[in-house]
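Please keep the view open as you read along.

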Amino acid sequence: MDSMTSQPTPETLNHDDDTRLHGEYKVPGGKLVVVDLEVANGHFANVSLSGDFFLEPDEALQDINKALTGLPGTSTAADIAAAVTAGLPEGAVLFGFSAEAVAITVRRALSKATGWSDHQWEVIPPTVLPTEVNVALDEVLTEEVGAGLRNPTLRFWDWEEPSVVIGSFQSVRNEVDPDGVSRHGITVVRRISGGGAMFMEAGNCITYSLYLPQTLVDGISFADSYAFLDSWVMAALEKLGINAFYVPLNDIATEQGKIGGAAQKRLANGGMLHHVTMSYDIDADKMVEVLRIGKEKLSDKGTRSAKKRVDPLRRQTGLARSAILKAMQEVFTERYGAVESRLSEAELDEARKRVDAKFGTDVWLNRVP
């Protein structure tokens, strides 16, 4: 099933025969959860939960099945998780899974939630483009995936001009030093996703955008979706000898310090953007002249210096940036059966139009002065 596969409506979730719906979900770092069920007269019936998880007491398995039985076929992930939690006996222990994991599995059985393997993924290798066009493409491609006009896609950025890309809700005045921007010839652009400012010179960081349907994170909390969508990155970094981990909410770090951060944007049409920038060889002196990095932001990072917060991948791996990019693309391709793709002329034309109408305008840049 790819991004253009139709999803069943509540009316089609009525089975008068013996058709069984089957859903599976592997909890990141946990166990496999499996649900088989029917939907009769619009409600769950003959529910059977299984998997390689651990559950105490033993009878709690039947309690979960009973809690799910009779729920409306239109139940949200939150509704399902709440029903499971309410149906568990006092003191029950779920190890390797959770009520939320059960909810995701049920939603997958109903084809309301999807897994990585349900989609045909595409990868767009690094393409040098103006930073404003890169930002505009995030909006264009997210819309396309949400509308079913493009398969879910991983796109690696590339650029030449030194830039600062600020988050959707950040203040230009508070984040950017105008003297530093002028002195170093920095292009300042605002993106559609939240999060913090990115200082980007040619070749100094690794940036990618993941465009996906929101069904992939159905039932997964906003906070957990960050690590979930970057599990392949952690595998790629591990392959390169780097033990990376998430620091909630959206920082990627190693024992030697922060190496990157993520941001997201969810659109009304069902498309979603997950955007990540990781430092490769940051000029820390220049960065602190361009960005206003205040004491309050540093206070919860356990450091007094902004320079110490950016620990380049170059020093930790000893590899060329191109080698790290290659490893990332290979791991993503192998894990999800992705095929290489490219930007169409129509997509590039639309992105350039949006630069003129939105992303390259002072109105957009200063929408939060």
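In helix α8 (residues 231-239), the buried residues include Trp232, Val233, Met234, Ala236 and Leu237. Buried here means under 20% relative accessible area, exposed means over 50%, and partly exposed lies in between, with a 1.4 Å probe and protein chains only. Helices (H or I, at least four residues) and strands (E, at least two) are DSSP runs, numbered from the N terminus. After α8 comes Gly241, with a positive phi near 90 degrees.

A word on the source: this is a predicted model, in which local features need pLDDT of at least 70 and side-chain atom pairs count only at pLDDT 80 or more, while totals for chains, interfaces and linings use all residues. Residues are numbered from 1 along each chain as its sequence is written, and side-chain values use heavy atoms, with hydrogens and water left out.

Now to the sheet. Three strands form an open sheet with mixed pairing, in the order β9-β8-β10. Its edge strands, β9 and β10, each pair on one side only. From one strand to the next, the twist averages 20 degrees. Helix α4 (residues 131-146) packs on this sheet and touches β8 and β9, its direction making about 10 degrees with that of β9. Contact means heavy atoms within 4.5 Å; axes are lines fitted to C-alpha atoms, for helices over the stretch in contact, and angles run from 0 to 180 degrees between N-to-C directions.

| Partner of β8 | Direction | Bridges |
|---|---|---|
| β9 (residues 187-190) | parallel | 4 bridges |
| β10 (residues 198-200) | antiparallel | 3 bridges |

Towards β10, Val164 stands opposite Phe199.

Are the faces of strand β8 (residues 163-166) covered or open? Both are covered: Ser163 and Val165 are buried on one side, Val164 and Ile166 on the other. In a regular strand, side chains alternate between the two faces of the sheet.

Elsewhere, Phe54 belongs to strand β4 (residues 54-56). Why does Phe54 count as partly exposed? Because its relative accessibility is 46%.

How values were computed:
Pairing = 2+ DSSP bridges.
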